[in-house]
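Work through each exercise with the sequence and the 3D view side by side, and try it yourself before you read the solution.

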Amino acid sequence: MFYKNTSITVDALILPKITCDLPQFQVDASALNTFKNLQLADINCLQPSSIDILLGADVFGEIMLNRHLNVLGHSLTAMKTIFGWVVLGKTKLSCQRIISNHASYNAVEFQLDKFWLLEELSETKPFTNEEIACENHFKRTYTSDSTGRFAVKFPFEILVMNLVHLYRLTVHRLQQIERRFSKNNLFLINTINSWMTT
């Protein structure tokens with residue numbers, strides 16, 4: 001450690017590998033010529049190597065020592081930490097490969113629920129009499145033209161039967177109303193006559 005009397009406490013997860021080797025490609029040593037007199041935290045920072053520890057923003061303030069160096073015309077910045085100087089910024093690489101990483105997390109229970117929902121058989125409801133009649137009518141009368149369109153005969157027979165039934169029902173209701181009116185009319189006449197005689 002650059003500052004031997006300094007210590008920080010962190011909660012750590014131990015993993016077999018944190019990430020790929022960084023930097024991913026060899027960096028030209030001339031990039032650090034501006035900061036060659038600084039004591040770097042990692043003297044091999046220009047060569048791809050494994051990452052030992054990944055510290056988060058929760059300890060960033062404890063690591064930084066509040067000193068930094070900028071050089072005009074350069075995109076690199078040197079910052080002083082308890083481990084030594086670190087250099088941040090953009091450098092030119094000979095390889096321009098673009099790498100994109102994506103991560104997705106879904107609980108196993110959620111995935112299983114989705115699986116069972118997909119595999120679950122939907123409940124089959126029994127057809128009503130009307131639906132059965134429609135299907136039978138389609139099977140009996142459909143034809144297909146040259147374009148592949150289906151043509152189905154209009155169900156005139158069913159319509160006529162329904163109209164006959166409706167006609168009979170309507171006549172029956174009308175007769176009921178007429179009988180009620182005639183009774184009410186007779187009651188009204190009798191009531192008026194009783195008033196006139198009193």
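**Exercise 1.** Which side chains meet in a salt bridge?

Before the solution, two notes on the model. It is predicted, so local features need pLDDT of at least 70 and side-chain atom pairs count only at pLDDT 80 or more, while totals for chains, interfaces and linings use all residues. Residues are numbered from 1 along each chain as its sequence is written, and side-chain values use heavy atoms, with hydrogens and water left out.

*Solution.* Step 1: recall the rule, in which a side-chain nitrogen of Lys or Arg lies within 4 Å of a carboxyl oxygen of Asp or Glu. Step 2: find the pair, which is Glu135 and Lys139, at 3.6 Å from N to O. By this rule the count is 1 salt bridge. Step 4: check accessibility, where buried means under 20% relative accessible area, exposed over 50%, and partly exposed in between (1.4 Å probe, protein chains only). Glu135 is partly exposed at 35%, and Lys139 is exposed at 54%.

**Exercise 2.** Is His137 buried or exposed, and which backbone oxygen does its side chain reach?

*Solution.* Step 1: locate His137 in helix α3. Step 2: its relative accessible area is 12%, so His137 is buried. Step 3: the His137 side chain reaches the backbone oxygen of Lys153 at 2.6 Å. Step 4: list its contacts (heavy atoms within 4.5 Å). Leaving aside neighbours within four places in sequence, His137 touches Val152, Lys153, Phe154 and Pro155.

**Exercise 3.** How many aromatic pairs does the structure hold?

*Solution.* Step 1: rings of Phe, Tyr and Trp (its six-membered ring) pair if their centres lie within 6.5 Å; planes under 30 degrees apart count as stacked, over 60 as edge-to-face and the rest as tilted. Step 2: the structure has 3 such pairs. Step 3: take Phe138 and Tyr142, whose ring centres are 4.9 Å apart with planes at 5°, so this pair is stacked. Step 4: ring pairs join Phe138, Tyr142 and Phe150 in a cluster. Phe138 is partly exposed at 33%, as is Tyr142 at 40%.

Terms used
Helix = DSSP H or I, 4+ residues; strand = E, 2+ residues; numbered from the N terminus. Polar contact = N/O pair within 3.5 Å; in protein donor to acceptor, adjacent residues only side chain to side chain.
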